[in-house]
Amino acid sequence: MANFLTLTEQAADQIREQLPEDEEGVALRLAVRELEDGSFQYAMGFDVESHEGDQRFSLCKVPVVVGADSLALARGMTVDFVELEPGQKQFIFLNPNDPAYVPPKE
């Protein structure tokens with residue numbers, strides 16, 4: 001699944017800090033869906049369940065699972081953990097499939 005999905009090191013560090021160590025088979029589930037107006041909605045959380053069509057892989061030593069219904073929409077997406085305002089860090093989804101996507105300026 002190389003280049004399918006990317007976690008920045010900052011995002012991976014934050015996820016690893018929160019990853020429950022006492023649950024066997026736990027993974028970060030990422031979900032993307034397209035709303036009626038064409039905008040994208042993102043969700044993420046820890047999950048131990050498996051569903052038909054799930055794709056499981058490891059990114060930066062983080063177990064990740066993406067459901068079959070999110071695979072095409074998530075392809076090429078980067079998950080980052082950034083400080084958008086002083087003292088306020090959050091996860092962001094940089095997804096070239098999203099009509100609202102604007103490439104970051106270096």
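**Loop contacts, sheet and nonpolar core in a predicted model**

In this predicted model, Gly53 lies in the loop between β3 and β4, where strands (E, at least two residues) and helices (H or I, at least four) are DSSP runs numbered from the N terminus. Residues are numbered from 1 along each chain as its sequence is written, and side-chain values use heavy atoms, with hydrogens and water left out. Local features need pLDDT of at least 70 and side-chain atom pairs count only at pLDDT 80 or more, whereas totals for chains, interfaces and linings use all residues.

With a relative accessible area of 34%, Gly53 is partly exposed, a class that falls between buried (under 20%) and exposed (over 50%) for a 1.4 Å probe and protein chains only. Although Gly53 and Ala68 are 15 residues apart in sequence, their C-alpha atoms are 4.8 Å apart in space. When residues up to four places away in sequence are not counted, Gly53 touches Val66, Gly67, Ala68 and Leu71, contact being defined by heavy atoms within 4.5 Å.

An open sheet of 3 strands, with mixed pairing, has the order β1-β6-β7; two strands pair if DSSP finds at least two bridges between them. The edge strands are β1 and β7 (88–94), each of which pairs on one side only, and the twist averages 30° from one strand to the next. The pairing of β1 with β6 is parallel and extends over 3 bridges, and the bridge partner of Leu7 in β6 is Val79.

Helix α1 lies across β1, β6 and β7 and runs at about 85° to β6, the angle being taken on a scale from 0 to 180 degrees between the N-to-C directions of axes fitted to C-alpha atoms, for helices over the stretch in contact. The buried residues of α1 are Ala11, Ala12, Gln14 and Ile15. These residues cover an arc of only 165° around the axis, which puts them on the same side of α1; the arc is that of the directions from the helix axis to the C-beta atoms. They pack against β1, β2, β3 (40–47), β5, β6 and β7.

The largest nonpolar core has 21 residues, of which Leu5, Leu7, Val64 and Val66 touch the most other members; such a core is a set of buried Ala, Val, Leu, Ile, Met, Phe, Trp, Tyr and Cys residues joined through side-chain atoms within 4.5 Å. Two or more residues are given to this core by each of β1 (5–7), α1 (9–18), β2 (27–34), β4 (55–59), β5 (62–66), α2 (71–74) and β6 (77–85). Not counting residues up to four places away in sequence, Val64 touches Leu5, Leu7, Ala27, Leu28, Leu30, Gln55, Arg56, Phe57 and Leu59.
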